[in-house]
Amino acid sequence: MRARRWGAAALAFASVAGAAVIGAAPAQAASVNMDCKILNSTIPWKGSVAGALAPSKPKAGANATVTITFPSGYETGPVPVAAGKLQPVLYLNINGAAVTARGGTNPSPLPPEQSFTVPSTRVQFKAKSGSNKITLTKVVFDYLPGEPDTTCTNNGAAPTVVP
């Protein structure tokens, strides 16, 4: 059981290293500084993630989509994860409104100590006039179903990209 917990923690850390903030078209990157907790372990994470806004200059009241793209090259921990078992959940503030977005699950099994790509997450929202402010407040890596999840919160200011 302990190996499973550490494996989940290692996978969560690797996954979080690929999960964070949003940008504007063309794709931009934003920095994150988070503390990720699983069971009794806390894992610090600093990094960046790219995102793109479509359309690049939405009109007020129009639908806009932000696609958060996670970098590849992160490794799983010492425990394998079955296909469809890991899902990132992003907690955002978009123009002052709280928004929760679920990313895709891992499409194939994740073997131990192997590189993988966390699926991208798309979020649709109503644009406002002027700039649209999008802030990442928290990331949860949901191990489906019933496994311990990893919760990552900002260590300092929440990362924001204003297109």
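**Basis.** I worked from a predicted model, in which local features need pLDDT of at least 70 and side-chain atom pairs count only at pLDDT 80 or more, while totals for chains, interfaces and linings use all residues. Residues are numbered from 1 along each chain as its sequence is written, and side-chain values use heavy atoms, with hydrogens and water left out.

**Entry 1: strand E5.** Buried means under 20% relative accessible area, exposed over 50%, and partly exposed in between, with a 1.4 Å probe and protein chains only. I then looked up the pairing of E5, where two strands pair if DSSP finds at least two bridges between them. E5 runs antiparallel to strand E9 (residues 134-143), and nine bridges join them. With E6 the pairing is also in the antiparallel sense, over six bridges. Leu90 stands opposite Ala101 in E6.

**Entry 2: Tyr91 and Lys138.** The bridge partner of Tyr91 in E9 is Lys138. I noted that Lys138 also lies over the face of Tyr91, at 4.5 Å from the ring centre. The criterion is NZ of Lys or CZ of Arg within 6 Å of the ring centre and within 35 degrees of the ring normal.

**Entry 3: positive phi.** Most residues other than glycine have a negative phi. I recorded Asn95, which is not a glycine, with a positive phi of about 50°. Asn95 belongs to the hairpin of E5 and E6, which has two residues between the strands, and is partly exposed at a relative accessible area of 25%. I recorded Leu39 likewise with a positive phi of about 50°. Leu39 is in the loop between strand E1 (28-38) and strand E2 (41-54), and its relative accessible area of 46% makes it partly exposed.

**Entry 4: Asn106.** Where does Asn106 lie? I found Asn106 in the loop between strand E6 (97-102) and strand E7 (115-116). Asn106 counts as buried because its relative accessibility is 4%. I looked for polar contacts (pairs of N or O atoms within 3.5 Å; within protein, one must be able to donate a hydrogen and the other to accept it, and residues adjacent in sequence count only if both atoms are side-chain atoms). The side chain of Asn106 reaches the backbone nitrogen of Leu86 at 2.9 Å, and a polar atom of that side chain lies 3.1 Å from the backbone oxygen of Ser108. Leaving aside neighbours within four places in sequence, the contacts of Asn106 (heavy atoms within 4.5 Å) include Val81, Gly84, Leu86 and Pro119.

**Entry 5: the largest nonpolar core.** A nonpolar core is a set of buried Ala, Val, Leu, Ile, Met, Phe, Trp, Tyr and Cys residues joined through side-chain atoms within 4.5 Å. Of the 24 residues in the largest one, Met34, Phe125, Leu136 and Val139 touch the most other members. E9 gives the most to this core, with five residues. Beyond four places in sequence, Met34 is in contact with residues including Trp45, Leu136, Val139 and Asn154.

**Entry 6: Asn154.** I followed Asn154 into strand E10 (residues 150-154). Asn154 is buried, with a relative accessible area of 18%. Polar atoms of its side chain lie 3.0 Å from the backbone oxygen of Leu136 and 3.2 Å from the backbone oxygen of Thr137.

Key. Helix = DSSP H or I, 4+ residues; strand = E, 2+ residues; numbered from the N terminus.
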